[in-house]
Amino acid sequence: MKLQGKTILLTGGTDGIGLRLARQLRGKDGSLIVTGRTPDRIAAAEGEGFAVIPADLASPAGIEAVMTGLNGRAIDVLINNAGMGAAHDYRLGAPDPLDD
Ligand SMILES: NC(=O)c1ccc[n+]([C@@H]2O[C@H](COP(=O)([O-])OP(=O)(O)OC[C@H]3O[C@@H](n4cnc5c(N)ncnc54)[C@H](OP(=O)(O)O)[C@@H]3O)[C@@H](O)[C@H]2O)c1
């Protein structure tokens, strides 16, 4: 995929798979913006040279923060990676979202 000149928004780019992906995308000559929410991880990502928009995407305020941080820039590629994993056996019924 040619990413030269493209603006890429990668959510959850401050840790885990997202951070590894961000490091891969860095060499692709596009403009990469990542989001994250934990301050020390944001600082570490910025320390690596990434442009970070701090935002908790589980809240309307976080969505607003992303829109504000983009400052009208159009996004060519959205990698909607932010999230968490949880193991659940759906045969046992719907999971309780408040259950860790
Ligand atoms: N790891 C796996 O085996 C696996 C398998 C299947 C699917 N996935 C999916 O792949 C994605 C990444 O998984 P991962 O293992 O790399 O997770 P991870 O190490 O926990 O990293 C998740 C990233 O998303 C961010 N994030 C989480 N919740 C957020 C929220 N509400 N608002 C903003 N940012 C948020 C985290 O930021 P903070 O660090 O600031 O919280 C972090 O940068 C997730 O969507 C997960 O469901 C993972």
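The following dialogue goes through the features of one predicted model, from its overall layout to single residues.

Colleague: What should I keep in mind before reading values from this structure?

Modeller: This is a predicted model, in which local features need pLDDT of at least 70 and side-chain atom pairs count only at pLDDT 80 or more, whereas totals for chains, interfaces and linings use all residues. Residues are numbered from 1 along each chain as its sequence is written, and side-chain values use heavy atoms, with hydrogens and water left out.

Colleague: How many helices and strands does the chain have, and what pattern does the chain follow?

Modeller: Helices (H or I, at least four residues) and strands (E, at least two) are taken as DSSP runs and numbered from the N terminus. Here the chain has 3 helices and 4 strands, and read along the sequence they follow the pattern β-α-β-α-β-α-β. The C-alpha atoms fill a box of roughly 50 × 30 × 25 Å along the principal axes.

Colleague: How is burial read, and what percentage of the residues of the chain count as buried?

Modeller: A residue is buried under 20% relative accessible area, exposed over 50% and partly exposed in between, with a 1.4 Å probe and protein chains only. Of the 100 residues of the chain, 28% count as buried.

Colleague: Which residues is Thr7 in contact with, leaving aside its neighbours within four places in sequence?

Modeller: Contact means heavy atoms within 4.5 Å. Thr7 lies in strand 1 (residues 7-11), and Thr7 counts as buried because its relative accessible area is 10%. Beyond those neighbours, Thr7 is in contact with Ser31, Ile33, Arg73, Ala74, Ile75, Asp76 and Val77. For the chain, among contacts between residues at least 6 apart in sequence, 53% join residues at least 24 apart.

Colleague: Which residues other than glycine have a positive phi, and where are they found?

Modeller: Asp29 is one of them, with phi near 70 degrees, and Asp29 is found in the loop between helix 1 and strand 2. Asp29 is exposed because its relative accessible area is 53%. Asn71 also has a positive phi, of about 50 degrees, although it is not a glycine; Asn71 is found in the loop between helix 3 and strand 4 (77-80), and with a relative accessible area of 68% Asn71 is exposed.

Colleague: How is a pocket found, and what is the volume of the largest pocket?

Modeller: Rolling a probe the size of a water molecule over the atoms shows where empty space is left. On a 1 Å grid over the protein atoms alone, a pocket is an open set of points where a 1.4 Å probe fits, with protein on both sides within 12 Å along at least five of seven lines, and lining residues have an atom within 4 Å of a point. Grid points are joined across faces, edges and corners, and a volume is the space filled by probe spheres set on the points. The largest pocket has a volume of about 430 Å³. Of the 19 residues that line the largest pocket, Gly12, Arg37, Ala82, Gly83 and Met84 are the closest to its centre. Helix 1 (16-25) and strand 2 (31-36) are the elements that give two or more residues to this lining, and helix 1 gives the most, with 3 residues.
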